[in-house]
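The tour begins with the whole chain and then moves through a few selections.

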Amino acid sequence: MIEININPSSALDNLKLIQAQLGGEISNSNNQYKLFINNELAHGEINYANFDWGIHYMDFKIKFFDEVVIKTTSTEFNPLRFMYSLKGFFYHRFGVDKTERKVDEFHSLIFTNKNQKENFIHFPKDIRLHINMIQLERESFLRKKSSNVLSLNQRLHDIFVDTDHKHQFAHHGAFNLKIGDYIQKINNLKGVGMAKVLKMEALVYEILSFHIQQHDKSQKGISLPTSLATRELKIIRKISRDIIKNPSPNYTLNDLSVSSGLSQAKLQEGFKFLFKRTVTEYIRHIRLEKAKELLDTSGLNISQVVYSIGFTSRSYFSKIFKEKFKISPNEYRKLVIKNRRLENVAA
């Protein structure tokens, strides 16, 4: 087991101190740092970016070849940490605890410790991990006029305003796919420079809001549907991903039930829980989003778009497209062409 001792004075110190123990090289582009490791200890990368008002973003996409424990002693840099496991799992404990608590895939953890106290994050070996962490420096964040911490539930509010770091806090969140979706959006961001940084910052705030919403639901006693297990929700998640990748087949509730091994009732309950839509509504939503993308980016005419995404009636497609986007497909296509001409003129 490798134990990495960290007493950071800043968020970037975390990255540098991990490098000192595990090796690798740090690159920097537009104030976004990447530690890439490829040796006998680990293979993968740790990405870091910092934003205004004390927000720091770290993303671990890595496989350790030995168990790794990161021991952090809380100093003047003692942020509130929001962690999420998109792939794999990890363990956490405070220094005063003897027992670790597991944070499984698609689950989250919010924690902070008192000044001069210890946190232990334990990563398993030989497992491909994708672990996300946002660190929030409370004193800096509270200077942000729009932070509005008064809107938080009492427990979280007390931790946010604890700028003297007198209290220990940990909240283990339930199964949550939305946070993972927004982490993936950050990974898929295109572009460079300020535009990319601003998009990334907006998504980081979205992730924070989902952590906070989940804590709020927990305080109110809102939990997963009792009839659905985490394993079943993961199956439903996979079905949704397959539909996104290929929206054109004639998906039926019966076929999806047979192929997944889940009852039709569980499929409907799971889709409503995860996506706030029935199975049919979800398929239609994905097809319309794909149609809009094709009208934006492809040279296909409207009829070709209609059939490529699995609809058989152009009139029905036009009707539901307008209901969703408040503009007809023809009008939208004309708007796209007009905007392209304006862009060409400006160029």
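Accessible areas come from the Shrake-Rupley method with a 1.4 Å probe, and for residues only the protein chains shown count as cover. On that basis the protein exposes about 17900 Å², of which carbon and sulfur atoms supply 49%.

This is a predicted model, in which local features need pLDDT of at least 70 and side-chain atom pairs count only at pLDDT 80 or more, while totals for chains, interfaces and linings use all residues. Residues are numbered from 1 along each chain as its sequence is written, and side-chain values use heavy atoms, with hydrogens and water left out.

**The whole chain**

Display the C-alpha trace, which spans about 65 × 55 × 50 Å along its principal axes. In cartoon view, the protein shows 12 helices and 13 strands; helices (H or I, at least four residues) and strands (E, at least two) are DSSP runs, numbered from the N terminus. Of the 347 residues, 46% count as buried, where buried means under 20% relative accessible area, exposed over 50%, and partly exposed in between (1.4 Å probe, protein chains only). Among contacts with a separation of 6 or more, 66% come from residues 24 or more positions apart; contact means heavy atoms within 4.5 Å.

**A hairpin**

Select residues 25-29 (strand β2) and 32-38 (strand β3), which pair in the antiparallel sense over 5 bridges. Two strands pair if DSSP finds at least two bridges between them. S29 stands opposite Q32 in β3. The hairpin has 2 residues between its strands, and N30 takes a positive phi near 55°.

**Charged side chains**

Colour the charges next: there are 52 positive and 36 negative side chains, and the centres of the two sets lie 8 Å apart. Lys and Arg count as positive and Asp and Glu as negative, with His and the chain ends not counted; the place of a charge is taken as NZ of Lys, CZ of Arg, CG of Asp or CD of Glu. A salt bridge is a side-chain nitrogen of Lys or Arg within 4 Å of a carboxyl oxygen of Asp or Glu. By this rule the count comes to 14 salt bridges.

Select K34 and E45, which form one of them, with the closest N and O atoms 3.8 Å apart. K34 lies in strand β3 and E45 in strand β4 (residues 42-51), so the pair ties together parts that are 11 residues apart in sequence. K34 is partly exposed at 31% relative accessibility, whereas E45 is buried at 18%.

Move to helix α9 (residues 279-297), where K290 and E293 lie 3 residues apart, about one turn of the helix. Their salt bridge has its closest N and O atoms 3.6 Å apart.

In helix α11 (residues 314-325), select K319 and E323, which are 4 residues apart and separated by about one helical turn. Their side chains meet in a salt bridge of 3.0 Å, N to O. K319 is partly exposed at 49%, and E323 is partly exposed at 45%.

**Last stop**

Where is R333? R333 is found in helix α12 (residues 329-346). R333 is buried yet has no salt bridge, and the nearest side chain of opposite charge, D296, is 7.6 Å away. Leaving aside neighbours within four places in sequence, R333 is in contact with L294, L295, S298, L300 and N301.
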